[in-house]
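Me: I would like to learn how to read the surroundings of a ligand. Please take me through one case.

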Amino acid sequence: MSATAQLPHRCWVEIDLAALERNFKLIRASLPPHIKFVAVVKADAYGHGLPQVATRLMHAGADLFAVATLAEATVLRELSGDWPVLLLSPVLPDEDRYLAEYDLATTVSSADEVQRFDAVGRAAGKPVAVHLKIDTGMGRLGVWHPEAGALYARIRAAQGVRLAGVFTHFSSADEDSAFTEKQRRVFLAALKSFPDFDPTGLFIHADNSAGLETTPGGSVFNAVRVGLLQFGILPHPHSMLARVKAEPVFSFHTRVGLVKKLPTGTGVSYGQTHVLKRDSTLAILTAGYGDGIARACSNRAEVLIHGRRCPVLGRVTMDQTIVDITDMAAKVRAGDPVVLVGRQAGGEITLPQFSDWSDSIPWETLCSVTKRVPRHYRTPLGI
Ligand SMILES: Cc1ncc(COP(=O)(O)O)c(C=O)c1O
């Protein structure tokens, strides 16, 4: 154990891996039994810690892991030599050879990529697995849908690549169900245009978390690609996925570093954007934007101390954030725990709420907790 690991904690994240596994099982149970689970664990498993999350999801039985980068894929390869892994982001030409070396499936959007991966597969004597991505209206990766049939034919003809899946990605599943429906129709029409399309053994997938709200029954889709919901966060506040009853895996904590009184009329923090309207007691917290409390939280966010909400006063700074504890001054001491996201003594601040205060979205918030913040993994024995 490193020396810093033994020091008291000033700001930390708690990850509840048992909740992650329960969420996985709840999502699975909410879907027809033949649907495969592609666990999206890119960006360090949305900041939850890739090796820890993937290990638990392997134990739970995830069918396939989706990551963005080769470096993330190598972390998975350290855990398992053969668990199926899909790269979602474009592979750079000088990364091509690692597809064979690490036995990774990758996304294909263009004829140039097919040609490159075909060469890698031929040289390795084992075809590279590819998932053909169709752009049905996301306007990012994928072959534009009218051209998908031609690319499918190229893949089928190339001996150095093996088609393992076909997929698309929704641009607005959390806010525009009509457009999502349109993307599904465009995808199905593209599949129909494929010469001699044979879906046997292929992953056919589209749904991210929000897509699960409108997954059609009895269709060609046989896999889902879930990120946020497995971490217990709904893709939007009114999501019908609340019925799944997934619980948050992530909580965010800091402590009171100093309690101090200041008189009416004093400006608080950089730029004096808050001026005290009464004689006040303030708690100076041992975390700031250097830890992942966005500066947008200045004069907006609240935190929990002894279960009570305390408002942030003035600007969030790099290492400290200042909150008003005037109404509970007698109770608060230096060292007391503070919850930024999570539950405490009957109070709760949700991740979506914290993200709103940060002018952000839960996906980004989870990726914004900085490197100096340790992740603590709750285990059944509490160790
Ligand atoms: C291609 C792709 N599929 C699936 C997901 C998972 O989305 P969500 O976290 O909303 O479930 C993402 C997330 O960014 C993605 O980029």
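Me: How do the residues of the shell around the ligand divide into nonpolar, polar and charged?

Reply: Ala, Val, Leu, Ile, Met, Phe, Trp, Tyr, Cys and Pro count as nonpolar, Asp, Glu, Lys and Arg as charged, and the others, Gly among them, as polar. Here the shell has five nonpolar, four polar and four charged residues. The model is predicted: local features need pLDDT of at least 70, side-chain atom pairs count only at pLDDT 80 or more, and totals for chains, interfaces and linings use all residues. Residues are numbered from 1 along each chain as its sequence is written, and side-chain values use heavy atoms, with hydrogens and water left out.

Me: Which residues of the shell are the closest to the ligand?

Reply: A residue is near a molecule if one of its heavy atoms lies within 4 Å of it. Of the 13 residues that surround the ligand, the closest are Lys-42, Tyr-46, Ser-209, Arg-225 and Leu-228.

Me: Which side chain has a polar atom 2.8 Å from a nitrogen atom of the ligand?

Reply: A polar contact is a pair of N or O atoms within 3.5 Å; within protein, one must be able to donate a hydrogen and the other to accept it, and residues adjacent in sequence count only if both atoms are side-chain atoms. The side chain is that of Arg-225.

Me: Is Ser-251 buried or exposed?

Reply: Buried means under 20% relative accessible area, exposed over 50%, partly exposed in between (1.4 Å probe, protein chains only). Ser-251 is buried, at 10%. Its side chain makes a polar contact of 2.8 Å with that of His-253.
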